[in-house]
Amino acid sequence: MKRNHVFALFTALLLCTALLPVSAFAETSARIWEGEDFRITLPEEVIYSFSPEVSFDDPSWVQAGIGDPVSFLEEYKEMGVIADFYSEGRAENVRVLTNSNNGTQKMYDMKDLTEEERQDFLSGVDSDNEEVTLEKGFTEINGQPFYRIRIDNAAAVGEAHELQYGTVINGHTLTVLVISDTELTAAQEALVEKIAKGVEITQRVPKPEPDPLNMVMLLGMIAVLVAIVAAPIVYIPLRNRRDKREKAKAAEQISQYRQTHTDENSYGEVRFVNETDCTREAVRDFSRYHAYGKKLPALLLEGALCALVLAASFLLETTWWIKVIAVGVTFYFGYRAVSMPGNIEKIQQKVFGRGVSSTARYTFFEEGFRVAGIQSASVFPYFQIAAVKRHGHYLYLYYGPDNAYLIDQYGFSLGSFEEFSAFIAEKTQKTK
């Protein structure tokens with residue numbers, strides 16, 4: 001295991017993968033490093049010290065024998081290094097790092113952890129590699145608890161050794177670290193321990209109270225998530241009961257209608273005659289309209305809610321399971337929106353393929369209309385039409401939530417399309 005991999009393993013386990021810009025440090029004296037909320041008293045062994053604020057053309061790099069300061073500065077940024085200390089001849093090297101993320105913000109101060117919580121924290125640092133040896137525990141330095149972790153990987157390839165002292169203060173980590181490709185020397189261990197013991201917390205900032213606006217938004221987001229997930233569970237049974245009542249009412253109306261309309265002579269004068277080729281292209285066009293045109297308001301509302309929930313779950317301080325639910329709900333509605341036209345088309349192809357022909361023959365009487373060709377010839381009352389929609393050169397006469405008869409405006413052999421549009425609007429009381 002390469003040494004940077006060893007460090008990455010540990011930092012990932014500590015939830016410190018998200019790096020923030022490092023704090024600015026100034027060297028107030030030869031033996032003191034000052035930070036915003038801590039300072040480090042340096043031991044005499046430290047001869048050279050660098051930080052991200054040291055310019056790449058500073059002569060101290062050359063004095064310390066570092067010929068490529070740019071790569072060092074890039075590494076500082078990647079690892080979150082705020083200070084880099086060297087002994088005489090660069091024999092020993094100890095780095096100080098800081099990182100912050102949701103995990104450290106939530107813990108905020110390691111001093112506030114109970115003993116059980118500290119042990120739970122350490123239990124997350126582990127390795128299933130038999131070649132890796134771990135030593136871990138807690139020690140107190142100037143009134144602040146620090147974890148002490150030593151990692152030794154004695155693999156023939158990728159040997160790496162690491163010793164670090166770390167804590168969490170004011171919502172960020174503070175880590176004193178030494179890494180080596182060879183077994184740590186006594187001098188390396190002594191230097192990292194001396195620097196760690198020189199750390200003193202100078203300022204404790206009270207943990208900020210949750211922003212009331214964020215709390216309101218978080219509760220609102222949770223409510224939206226619950227509504228999105230629970231709505232179908234509540235709505236579908238209610239819709240089924242409603243549909244059942246409407247079907248019973250329609251059946252009663254049709255029964256009364258059949259009693260007074262027993263043959264074609266009872267349907268009155270023939271007003272319009274139309275033939276419409278229900279081709280695959282026409283059915284596909286209807287399916288796209290039904291999926292995206294007729295249901296556009298619902299799709300826009302679902303899209304807006306998903307975007308709101310997804311954005312809020314990642315911008316606010318939410319737990320991982322809320323993020324997972326938000327992504328899952330967004331993926332589900334996105335997939336449903338994309339696949340909806342295809343699913344509707346499959347159903348419609350079966351509906352329009354049940355008859356002896358793919359051409360629908362319509363006869364519109366004064367008191368009802370007959371459909372033949374795509375199904376067994378039957379006459380229906382106009383009140384069975386639930387909606388009338390126009391798209392392209394078709395009128396869609398809906399006789400169910402997802403089913404409609406297609407009327408081609410160019411298919412009239414008796415009457416005109418304009419006259420028929422006014423006639424069907426009057427008979428159904430439905431606007432296009």
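## A strand pair, a helix and some salt bridges

In strand 9, Gly166 is the bridge partner of Tyr147. This is a predicted model, so local features need pLDDT of at least 70 and side-chain atom pairs count only at pLDDT 80 or more, while totals for chains, interfaces and linings use all residues. Residues are numbered from 1 along each chain as its sequence is written, and side-chain values use heavy atoms, with hydrogens and water left out.

**Strand 9 and its neighbours**

Helices (H or I, at least four residues) and strands (E, at least two) are DSSP runs, numbered from the N terminus. Two strands pair if DSSP finds at least two bridges between them. Strand 8 (residues 144–153) runs antiparallel to strand 9, and seven bridges join them. Strand 9 also pairs with strand 10 (residues 172–180), again in the antiparallel sense, over nine bridges. There, Tyr165 stands opposite Val176 in strand 10. Strand 9 and strand 10 form a hairpin with two residues between them. Asn170 sits in that turn and has a positive phi of about 55 degrees.

How many residues of strand 9 are buried? The term means under 20% relative accessible area; exposed means over 50%, and partly exposed lies in between (1.4 Å probe, protein chains only). In strand 9 (residues 160–169), 10 of the 10 residues are buried, so the strand is largely enclosed by the rest of the structure. Ala160, Glu162, Gln164, Gly166 and Val168 point one way. His161, Leu163, Tyr165, Thr167 and Ile169 point the other way.

**Helix 11 and what it packs against**

Helix 11 (residues 417–428) has 12 residues. From its first C-alpha to its last it reaches 16 Å, close to the 16 Å expected at 1.5 Å a residue. The expected span is 1.5 Å times one less than the number of residues. Phe417, Phe420, Ser421, Phe423, Ile424 and Thr428 are buried in this helix. An α-helix has 3.6 residues a turn, so residues three or four places apart point the same way. The buried residues of helix 11 pack against several strands, including strand 12 (270–277), strand 13 (359–365) and strand 16 (387–391). Contact here means heavy atoms within 4.5 Å. Just after the helix, Gln429 takes a positive phi of about 60 degrees.

Strand 16 pairs with strand 17 in the antiparallel sense over five bridges. Val388 has Leu397 in strand 17 as its bridge partner. The two strands form a hairpin with two residues between them, and Gly392 in the turn has a positive phi of about 65 degrees.

**Two loop residues with positive phi**

Arg90 is not a glycine, yet its phi is positive, at about 55 degrees. Arg90 lies in the loop between strand 5 (81–86) and strand 6 (93–97). Is Arg90 buried or partly exposed? Arg90 counts as partly exposed because its relative accessibility is 32%. Tyr108 also has a positive phi, near 70 degrees. Its loop runs between helix 4 (102–107) and helix 5 (115–123). Tyr108 counts as buried, at 8% relative accessibility.

**Salt bridges**

Side chains of opposite charge can pair when their charged atoms come close. A salt bridge is a side-chain nitrogen of Lys or Arg within 4 Å of a carboxyl oxygen of Asp or Glu. By this rule the count comes to 13. The table shows three of them.

| Pair | Closest N to O distance |
|---|---|
| Asp152 and Arg150 | 2.9 Å |
| Arg361 and Glu275 | 3.6 Å |

Asp152 is buried, with a relative accessible area of 15%. Arg150 is buried too, at 11% relative accessibility. Arg361 is partly exposed at 38% relative accessibility, and Glu275 is partly exposed with a relative accessible area of 46%. Salt bridges that share partners also join Glu75, Asp84 and Arg95 into one network.

**Ile374**

The C-alpha atoms of Ile374 and Arg361 are separated by 7.9 Å, and the two residues are 13 residues apart along the chain. Ile374 is found in the loop between strand 14 (369–372) and strand 15 (378–380). Ile374 is buried, with a relative accessible area of 4%.
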